[in-house]
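Hello,

Here is the structure I promised to pass on. My notes follow below it.

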Amino acid sequence: MPSLRHEKLCLAPVAGVDEAGRGPLAGPVVAAAVILPAKGIPRGINDSKKLPAAERARLHDRLHGCALVGIGIVEADEIDTLNIYWATMKAMTLAVEALGCAPGHVLVDGNRLPKWGFAATPIVKGDAISLSIAAASIIAKHTRDTLMLGYAETYPHYGWHSNKGYGAPDHLRALREHGPCPLHRRSFAPVAAACDLLHALG
């Protein structure tokens with residue numbers, strides 16, 4: 001289970017940062033930054049991938065009520081312009097800047113850091129180790145999943161209510177049958193292939 005061991009080694013306040021949505025073919029990449037309170041941290045915080053959706057939703061609401069939370073979102077068209085790596089770095093930067101205060105240190109899930117002025121440490125698999133990063137992973141994933149559920153109402157062909165924009169078989173089949181929508185990342189190979197197919201047929 002994640003703990004505060006890494007946070008206790010850093011200058012306070014410490015923000016944990018994680019992202020959701022690097023791999024999907026559609027929708028934004030979302031990053032979250034979380035500064036946990038000194039007291040009253042919700043129980044059950046863990047790597048978002050290890051939690052059911054209902055528990056993520058509960059913890060998302062609890063964290064918004066007790067912690068400082070910042071969210072950064074980079075949409076599909078900008079992902080195509082920047083590439084997914086730099087779009088993720090931008091989303092992380094936006095998330096920290098949205099906290100409303102300057103952190104003393106930032107703990108970031110992964111092995112790379114954005115080019116920013118904050119003192120920061122990357123932690124591989126940080127969402128399983130650091131409580132702040134795990135909290136950020138919950139905020140980021142719940143936020144993105146909620147966005148994709150909303151988009152699924154507008155673009156029902158792609159099955160986003162279940163696949164959240166990832167390259168699941170039903171999503172890939174709909175891409176071939178209907179082509180991409182404005183929320184698809186055209187720089188991603190399966191979407192580019194669907195575009196090429198449409199051009200060839202049209």
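Strand 1 and strand 4 (residues 105-109) run parallel and are joined by 4 bridges. Two strands pair here if DSSP finds at least two bridges between them. Helices (H or I, at least four residues) and strands (E, at least two) are DSSP runs, numbered from the N terminus. Val-17 stands opposite Val-108 in strand 4.

Before the rest, the ground rules. This is a predicted model, so local features need pLDDT of at least 70 and side-chain atom pairs count only at pLDDT 80 or more, while totals for chains, interfaces and linings use all residues. Residues are numbered from 1 along each chain as its sequence is written, and side-chain values use heavy atoms, with hydrogens and water left out.

Strand 1 also pairs with strand 2 (residues 29-35): 5 bridges, antiparallel. There, Glu-19 has Ala-31 of strand 2 as its bridge partner. Strand 1 (residues 14-20) is largely enclosed by the rest of the structure, because 6 of its 7 residues are buried. Buried means under 20% relative accessible area, exposed over 50%, partly exposed in between (1.4 Å probe, protein chains only).

Now the aromatics. Rings of Phe, Tyr and Trp (its six-membered ring) pair if their centres lie within 6.5 Å; planes under 30 degrees apart count as stacked, over 60 as edge-to-face and the rest as tilted. The count is 4 aromatic pairs. One joins Trp-116 and Phe-118: centres 5.3 Å apart, planes at 85 degrees, so edge-to-face. Trp-116 is buried at 16%. Phe-118 is partly exposed at 25%. Ring pairs also link Tyr-155, Tyr-158 and Trp-160 into a cluster.

Best wishes
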